[in-house]
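Please look through the structure below before reading on.

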Number of protein chains: 2
Amino acid sequence: MNLRDLRYLIAVADHLHFGNAAEACHVSQPTLSGQIRKLEEMLGTTLFERTNKSVQMTPAAEQIVPLARAAVAQADAIVRLAQGWRDPLAGSLRLGVIPTLGPYLMPRILNPLRQRCPALDLVLWEDVTDQLLSRLRRHELDVALIATVPDGDDIDTFLLFEEPFLMVLPEQHALAQETAISDGQLAKADVLVLADGHCLRDQTLSVCHQQSDPRADFRATSLEMLLNMVAAGYGCTLAPALAVAGRAPVPGTIVRPLAPGLAGRTVRLAFRNTFPRRQLVEVMASVVSGLKLP
Amino acid sequence: MNLRDLRYLIAVADHLHFGNAAEACHVSQPTLSGQIRKLEEMLGTTLFERTNKSVQMTPAAEQIVPLARAAVAQADAIVRLAQGWRDPLAGSLRLGVIPTLGPYLMPRILNPLRQRCPALDLVLWEDVTDQLLSRLRRHELDVALIATVPDGDDIDTFLLFEEPFLMVLPEQHALAQETAISDGQLAKADVLVLADGHCLRDQTLSVCHQQSDPRADFRATSLEMLLNMVAAGYGCTLAPALAVAGRAPVPGTIVRPLAPGLAGRTVRLAFRNTFPRRQLVEVMASVVSGLKLP
DNA sequence: TCATATTCATAGGCAGCCCCTATGTATGAT
DNA sequence: ATCATACATAGGGGCTGCCTATGAATATGA
């Protein structure tokens with residue numbers, strides 16, 4: 001018995017018409033008829049009752065066809081699985097990234113990655129961590145750039161780099177005189193934070209030893225918006241280094257480092273531990289780790 | 001890709017040795033080596049890391065081999081399942097039977113048939129002739145016991161036996177004095193008949209040379225009901241021999257034969273002329289024909 | 001160090017099977 | 001009655017899987 005025979009069997013079961021089934025299988029009708037007959041002889045059972053005008057499945061075929069579908073599906077799964085092992089650096093890769101990282105990191109990644117993996121077709125998706133992880137688990141994303149350690153052992157991560165937090169202040173702010181912000185000053189600062197769902201929100205509140213957003217009447221869904229609110233004098237905030245270092249500060253704001261080793265976040269590359277193209281993930285991680293970051 | 005290739009893959013994975021695996025597959029070692037190489041090229045992935053002294057599975061093969069095992073297992077299941085359908089006398093058979101025959105014939109058939117075809121799984125369906133034939137044509141039944149000759153040449157029949165009609169009378173009925181009922185007496189009898197759709201209704205009316213039910217205010221959908229109406233004195237009726245011979249008559253009724261050779265019906269086993277298990281139909285027919293019927 | 005054994009890879013010839021086109025047969029529709 | 005449709009049959013051609021014989025590389029033992 002041959003997988004091809006099973007595909008023919010399934011086609012006839014689906015079409016109940018030899019000519020149409022043959023067309024679907026890209027063979028001639030006599031070829032398909034002959035192979036079905038051969039399969040019937042091999043199995044010792046009639047699979048289809050055929051007249052010149054109708055083709056009907058026998059009870060035996062009713063039982064056999066589902067098994068044939070399963071066998072063919074397994075074989076197809078093998079091919080698809082092998083596809084992932086062909087050239088791990090080629091093909092489509094769906095990359096998720098959190099909003100507080102994407103706009104600042106991706107411009108630095110894309111060119112080196114293009115050089116390292118010219119055949120890679122990158123599809124970007126920006127969303128908050130929980131959404132990215134859900135999509136990872138639903139196979140709607142392949143890898144994700146996040147700044148937390150995911151729950152569950154179905155997701156593995158590679159550590160990419162540590163990113164310190166910097167304090168962003170209005171020019172006239174009292175702390176603007178300091179060269180570095182201390183832990184005690186953080187606890188008393190009037191910090192603004194992002195909307196719910198952003199990991200940076202939770203991390204900022206944690207670093208500042210504060211429980212909830214002191215300015216709940218504002219809702220900022222992007223880091224740029226938050227920086228503009230700082231510039232307008234509504235308060236200060238913490239920003240990850242990539243977002244504010246290596247570029248002109250938002251007019252009206254001043255950036256100050258925290259006291260050495262005080263706070264930051266760890267950027268990781270997350271992926272299903274069953275993801276077949278692990279080598280590609282390793283290459284991506286090495287590309288990002290090899291960047292000269294400010 | 002071929003199921004055979006997958007069997008080769010599994011064999012090498014099991015033995016981690018090409019020579020032994022080839023022996024297990026009953027092929028030569030070069031044949032197996034070549035097929036594995038071909039499979040690797042088709043999948044675009046190396047499946048085994050081989051040196052002259054050791055064979056090791058690659059991560060790709062670690063993932064693929066379980067799927068290959070599943071596919072092969074499905075294929076083997078198909079062969080085993082088909083094995084169960086090889087014997088035409090085994091498996092499921094959907095048998096339709098008309099209501100004026102089933103309750104009286106089936107008890108006599110089931111045991112001999114069970115002896116002749118122990119592995120046969122009989123599914124019974126009782127309905128009037130037209131419904132049985134429709135279901136036969138729709139492949140919802142395989143064979144049917146009927147008492148008419150079906151229209152159309154897509155249905156073949158085996159003649160099983162002739163079943164005479166007997167007159168069933170109320171005890172006090174005038175004809176109860178006769179030893180046999182003549183044609184002229186039939187034409188004048190106050191016969192009760194079954195509801196529309198039963199072949200026995202049409203046959204009774206025909207035998208009695210009557211056009212329509214003289215007692216249309218009654219509607220009997222079962223022969224037993226009809227006999228009870230006779231017992232209650234509403235009239236007489238014709239019943240097939242199996243329904244009234246060889247058992248105690250319904251209290252209050254008397255059974256009289258018709259004049260020799262006057263009327264009866266022919267019981268046949270009907271089936272699609274394309275039905276593949278014709279041998280089973282022949283066996284069933286021979287079992288019924290071999291019965292000692294009253 | 002050299003010979004031997006083991007193991008997988010390669011080469012070339014042969015046979016079987018799958019696929020094709022052309023044709024046949026039966027049935028239903030116009 | 002003719003045409004259209006659908007499945008079956010016949011015969012030839014090409015691909016491919018299988019075999020035997022041989023090669024190449026490595027481990028073992030004298």
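According to the salt-bridge rule, there is 1 salt bridge across the interface of chain A and chain B. This interface belongs to a predicted model, and the salt bridge is formed where the side chains of B:Arg272 and A:Glu49 meet, with a distance of 2.7 Å from N to O.

**The interface between chain A and chain B**

- The contact is made up of 33 residues from chain A and 31 residues from chain B.
- About 3,000 Å² of area is buried between chain A and chain B, and carbon and sulfur atoms give 70% of that area.
- Of the area that chain A buries against chain B, 22% is supplied by A:Glu49, A:Ile78 and A:Trp85, which is more than any other three residues supply.

**The side of chain A that touches chain B**

- Four elements of chain A, namely α1 (3-15), α3 (29-43), β1 (48-50) and α4 (59-85), each supply at least two residues of the side that touches chain B.
- The largest share of this side of chain A comes from α4(A), which contributes 16 residues.
- When the residues on this side of chain A are sorted by class, 20 are nonpolar, 10 are polar and 3 are charged.

**The surface near DNA strand D**

- DNA strand D is surrounded by 23 residues, and the closest of them come from both chains: A:Ser33 and A:Arg50 on one side of the list, with B:Tyr8, B:Ser28 and B:Thr31 on the other.
- Among the atoms of DNA strand D that come within 4 Å of the protein, sugar and phosphate account for 70%.
- The surface near DNA strand D draws at least two residues from each of α2 (18-24) and α3 of chain A, and likewise from each of α1 (3-15) and α3 (29-43) of chain B.
- By class, the residues of this surface near DNA strand D divide into 11 polar, 6 nonpolar and 6 charged.

**Individual approaches to DNA strand D**

- The side chain of A:Ser33 has a polar atom that lies 2.9 Å from a phosphate oxygen of DNA strand D.
- In the case of A:Arg50, an N or O atom of the side chain is 2.7 Å from a phosphate oxygen of DNA strand D.

Note on methods
Residues are numbered from 1 along each chain as its sequence is written. Chains are lettered from A and ligands numbered from 1 in the order in which they are written. This is a predicted model: local features need pLDDT of at least 70, side-chain atom pairs count only at pLDDT 80 or more; totals for chains, interfaces and linings use all residues. Side-chain values use heavy atoms; hydrogens and water are left out. Contact means heavy atoms within 4.5 Å. Buried area is the accessible area (1.4 Å probe) that two parts lose on being put together, summed over both. A salt bridge is a side-chain nitrogen of Lys or Arg within 4 Å of a carboxyl oxygen of Asp or Glu. Ala, Val, Leu, Ile, Met, Phe, Trp, Tyr, Cys and Pro count as nonpolar, Asp, Glu, Lys and Arg as charged, and the others, Gly among them, as polar. A residue is near a molecule or strand if one of its heavy atoms lies within 4 Å of it. A polar contact is a pair of N or O atoms within 3.5 Å; within protein, one must be able to donate a hydrogen and the other to accept it, and residues adjacent in sequence count only if both atoms are side-chain atoms.
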